[in-house]
Amino acid sequence: MALQLPEGKRLAISLSPDFDAHSVWMGTFRTSSQTALSRGEFGAEVGGPRLLDTFDRYGITTTWCIPTHTMQTFPDAVASVVDRGHEIAAHGVYHEYVPKLELDEERRLMELQLKLHEELIGLRPRGYRSPALDVTDNTLAVLHEFGLEWDSSLMGRDFEPYHPRMVTVIDREAGNQFGEPSPLLEFPVSWGLDDFPELEMINGNATQQANAVVLQRWKDAFDFAYERCPGGMMTWTLHPQTIGRSHNLLMLEQFIEYVQSHDGVWFPTISEAADAWVDPVS
C-alpha cells in the first residue's frame with residue numbers, strides 16, 4: 001500500500017485549511033461572544049483572502065475543510081475558495097463536537113451537511129475532517145455509509161496514509177482489540193502540525209508559542225519526512241483566522257519557501273493524493 005507520486009516527486013505536502021469562521025466558537029467553544037465571533041469574521045474577510053493570495057503566489061492548490069455554517073454565513077468568501085480552484089471537503093455543520101453525538105444525530109448531521117454542500121456550492125465532497133479532530137466509534141462507518149472516500153481526523157500515522165481501524169474492545173488487563181480496517185483512506189493529522197493550538201490565544205491564556213519555535217518544529221518535521229519517508233505525505237491543519245494574522249502568515253510563507261527549496265515536493269489536494277493511492281491486489 002503506497003502513494004504513487006508523480007515522476008520525480010519525493011514527498012507530498014497538504015497545507016489544508018479548516019475554514020471555521022464563526023462556527024468553531026459557537027460549536028466547539030460554545031460561545032456567542034461578539035468578540036469571539038469577530039475573530040471568525042476576521043478569518044473569513046481578511047485571513048481567508050490573504051491565504052488564497054499566498055497559495056496563488058506559490059502555485060499551491062489545496063483542500064479546504066469547511067463547515068456548512070461558514071458556507072451560509074460567508075458565501076462570497078467560500079465562493080472565492082472554489083473559484084480559485086481549491087477542493088472543498090466536509091467539516092461538519094456548525095463545528096459540532098462529534099464525540100458527544102449519538103448515532104442518530106451524527107447520521108442526521110452528516111446527511112444535512114452533504115445536502116448543503118450540493119445546494120450551496122454544487123459539489124458533493126469526497127472527504128471529511130472532523131471538527132476538533134475527534135470522532136465517535138461510529139464515525140468511519142457513517143462516512144462510508146454516505147459514500148465518503150477519505151478522512152483526515154486521526155493520528156495513527158504521521159507521514160503515510162492508511163486504512164484506520166477502530167478499537168472495538170478496551171481491556172486494561174488483557175489488551176485492546178481492533179476491528180477490521182476501514183475502506184476509507186486516512187490522511188493523518190497532528191496537533192504539532194496545526195496552527196490553532198500553537199498560535200491562538202484562548203480564554204486569555206498565555207501559552208502561545210513563539211513563531212520561531214513553531215517554524216523550526218515544522219521544518220524539523222519536514223526534514224525528517226523528506227529524508228526518511230520518501231513517498232509519504234504530510235498534512236498541515238491551518239485556520240484562516242489564525243494563520244491569516246500578519247505575523248503568522250509571514251511565518252507560513254517562510255516555511256513554504258523552505259519546502260519549495262527542496263527538489264521533488266508535490267502539493268496535491270487530498271483527493272488528488274487519494275487518487276494516487278494504490279491498495280494491494282487482493
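A crossing of two helices is left-handed if the near helix is turned anticlockwise from the far one by less than a right angle, and right-handed if clockwise. By this convention, α2 and α10 cross in the right-handed sense. The structure is a predicted model, in which local features need pLDDT of at least 70, side-chain atom pairs count only at pLDDT 80 or more, and totals for chains, interfaces and linings use all residues. Residues are numbered from 1 along each chain as its sequence is written, and side-chain values use heavy atoms, with hydrogens and water left out.

Two packed helices are described by the angle between their axes and the distance between the axes. Axes are lines fitted to C-alpha atoms, for helices over the stretch in contact, and angles run from 0 to 180 degrees between N-to-C directions. Helices (H or I, at least four residues) and strands (E, at least two) are DSSP runs, numbered from the N terminus.

Helix α2 spans residues 34–58 and helix α10 residues 246–260. Their axes lie 11 Å apart, at an angle of about 20°. The pair α2 and α10 is therefore roughly parallel; angles under 35 degrees count as such, over 145 as roughly antiparallel, 65 to 115 as roughly perpendicular and the rest as oblique. On the α2 side, Arg50, Leu51, Thr54, Arg57 and Tyr58 make the contact (heavy atoms within 4.5 Å). On α10, Ser246, Leu249, Leu252, Glu253, Ile256, Glu257 and Gln260 take part. The residues of this contact of α2 with α10 comprise five nonpolar, three polar and four charged. Here Ala, Val, Leu, Ile, Met, Phe, Trp, Tyr, Cys and Pro count as nonpolar, Asp, Glu, Lys and Arg as charged, and the others, Gly among them, as polar.

Helix α8 (residues 211–228) also packs with α10, at about 25° and with the axes 10 Å apart. α8 and α10 are therefore roughly parallel to each other. Their crossing is right-handed. From α8, the residues Asn211, Val214, Leu215, Trp218, Lys219, Phe222 and Asp223 meet a set in α10 that includes His247, Met251, Leu252 and Phe255. The contact of α8 with α10 divides into nine nonpolar, four polar and two charged residues.

An open sheet of three strands has the order β10-β2-β11, with parallel pairing. Strands β10 (233–238) and β11 (265–266) each have a single partner strand, so one side of each is left without a neighbour in the sheet. Helix α10 packs on this sheet and touches β2, β10 and β11; its direction makes about 165° with that of β2. Strand β2 (residues 11–17) runs parallel to β10, joined by six bridges. Two strands pair if DSSP finds at least two bridges between them. Ala12 has Met233 of β10 as its bridge partner, and Ser16 has Thr237.

Six of the six residues of β10 are buried (under 20% relative accessible area; exposed is over 50%, partly exposed in between; 1.4 Å probe, protein chains only). Met233, Thr235 and Thr237 point one way, and Met234, Trp236 and Leu238 the other.

Strand β4 (residues 87–90) is likewise covered on both faces. Glu87 and Ala89 are buried on one side, Ile88 and Ala90 on the other. Strand β3 (residues 63–66) pairs with β4 in the parallel sense over four bridges. Ile66 has Ala90 as its bridge partner in β4.

His69 sits in helix α3 (residues 68–73). His69 counts as buried because its relative accessibility is 17%. Not counting residues up to four places away in sequence, His69 touches His22, Ser23, Met26, Val93 and Tyr94.
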